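The following exercises are to be worked with the sequence and the model in view. Each task is followed by a solution in steps.

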Amino acid sequence: INKMIGFSGISKVVINYSHLKKAFDFLRLAGESGVEGIALFAGEQNGSDFQIKEVIIPKQKGYVLEQGLLYAVDGDELHRINVWLYNNNLDLIAQIHSHPGVAYHSDTDDRYPIVDTVGGISIVAPNFASNVTALTQCAIYRLSTYASWISLDKNGIKNLFVIN
């Protein structure tokens with residue numbers, strides 16, 4: 001994938017509800033321990049559509065700091081995921097992580113995304129994903145060509161995602 005163009009031409013992301021449920025369930029589980037969690041969505045591009053094929057739950061550590069909560073995925077794990085993606089001919093298009101309260105993209109989220117390809121998607125679930133069953137309950141952002149995250153409104157979310 002050309003990082004400059006990346007996923008900017010993707011207008012539909014097709015995801016099975018079981019993949020969403022797996023991610024939300026993991027975020028809830030992390031939240032029960034009082035920490036944020038992250039999951040990744042990988043799949044294949046076909047024209048302007050992207051089909052999610054796998055949910056990746058990286059090995060991660062949750063931290064409770066004075067400034068707030070933080071999850072960390074180390075370099076070895078990121079390398080392992082990248083090798084797996086390459087070997088399976090899949091690409092990462094989205095990450096989903098939780099916040100303890102309101103869903104928004106923090107400065108840390110802006111600066112240190114795992115998905116850093118233009119057109120990539122960052123989903124933030126509120127309240128550790130408790131009672132979250134739909135993407136429209138989340139804050140969702142896409143990475144622009146100017147390396148800034150653009151917030152999608154509810155219509156933008158509904159137009160981008162097809163859940164089956």
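**Exercise 1. The helix α1**

Which residue with a positive phi follows α1?

*Solution.* Some conventions come first. The model is predicted, so local features need pLDDT of at least 70 and side-chain atom pairs count only at pLDDT 80 or more, while totals for chains, interfaces and linings use all residues. Residues are numbered from 1 along each chain as its sequence is written, and side-chain values use heavy atoms, with hydrogens and water left out.

Step 1. The residue that follows α1 is G34, and its positive phi is near 80°. Helices (H or I, at least four residues) and strands (E, at least two) are DSSP runs, numbered from the N terminus.

Step 2. The terms buried (under 20% relative accessible area), exposed (over 50%) and partly exposed (in between) rest on a 1.4 Å probe and protein chains only.

Step 3. As an example, F26 lies in α1 and, not counting residues up to four places away in sequence, touches G37, I38, I57 and Q60. Contact means heavy atoms within 4.5 Å.

**Exercise 2. The helix α2**

Which residues of α2 are buried, and what do they pack against?

*Solution.* Step 1. Helix α2 (residues 75-87) has 13 residues and reaches 18 Å from its first C-alpha to its last, close to the 18 Å expected at 1.5 Å a residue.

Step 1. E77, I81 and L85 are the buried residues of α2. Seen down the axis they fall within an arc of 75°, so they line one face of the helix. The face turned away from this buried side carries the exposed residues D76, H79, Y86 and N87.

Step 2. The buried residues of α2 pack against β2, β3 and β6. L85 is buried, with a relative accessible area of 5%. Apart from its neighbours within four places in sequence, L85 is in contact with A42, I56, L90, D91 and L92.

**Exercise 3. The nonpolar cores**

*Solution.* Step 1. A nonpolar core is a set of buried Ala, Val, Leu, Ile, Met, Phe, Trp, Tyr and Cys residues joined through side-chain atoms within 4.5 Å. The largest has 28 residues, of which V13, F41, I93, I121, I123 and F161 touch the most other members.

Step 1. Two or more residues of this core come from each of β1, α1, β2, β3, β6, β7 and α4 (154-160). The most come from α1, which gives five residues.

Step 2. A second, separate core of 12 residues includes I38, I81, L90 and L92.

**Exercise 4. An aromatic pair**

How are the rings of F7 and F50 arranged?

*Solution.* Step 1. Rings of Phe, Tyr and Trp (its six-membered ring) pair if their centres lie within 6.5 Å; planes under 30 degrees apart count as stacked, over 60 as edge-to-face and the rest as tilted. By this rule the count comes to one aromatic pair.

Step 1. F7 and F50 lie 5.5 Å apart, centre to centre, with 85° between the planes, and the pair is edge-to-face. F7 is in the segment before β1 and F50 in strand β3, so the pair ties together parts that are 43 residues apart in sequence.

Step 2. F7 counts as buried at 1% relative accessibility, and F50 is buried with a relative accessible area of 0%.

Technical notes
Expected span 1.5 Å × (residues − 1). Arc of directions from axis to C-beta.
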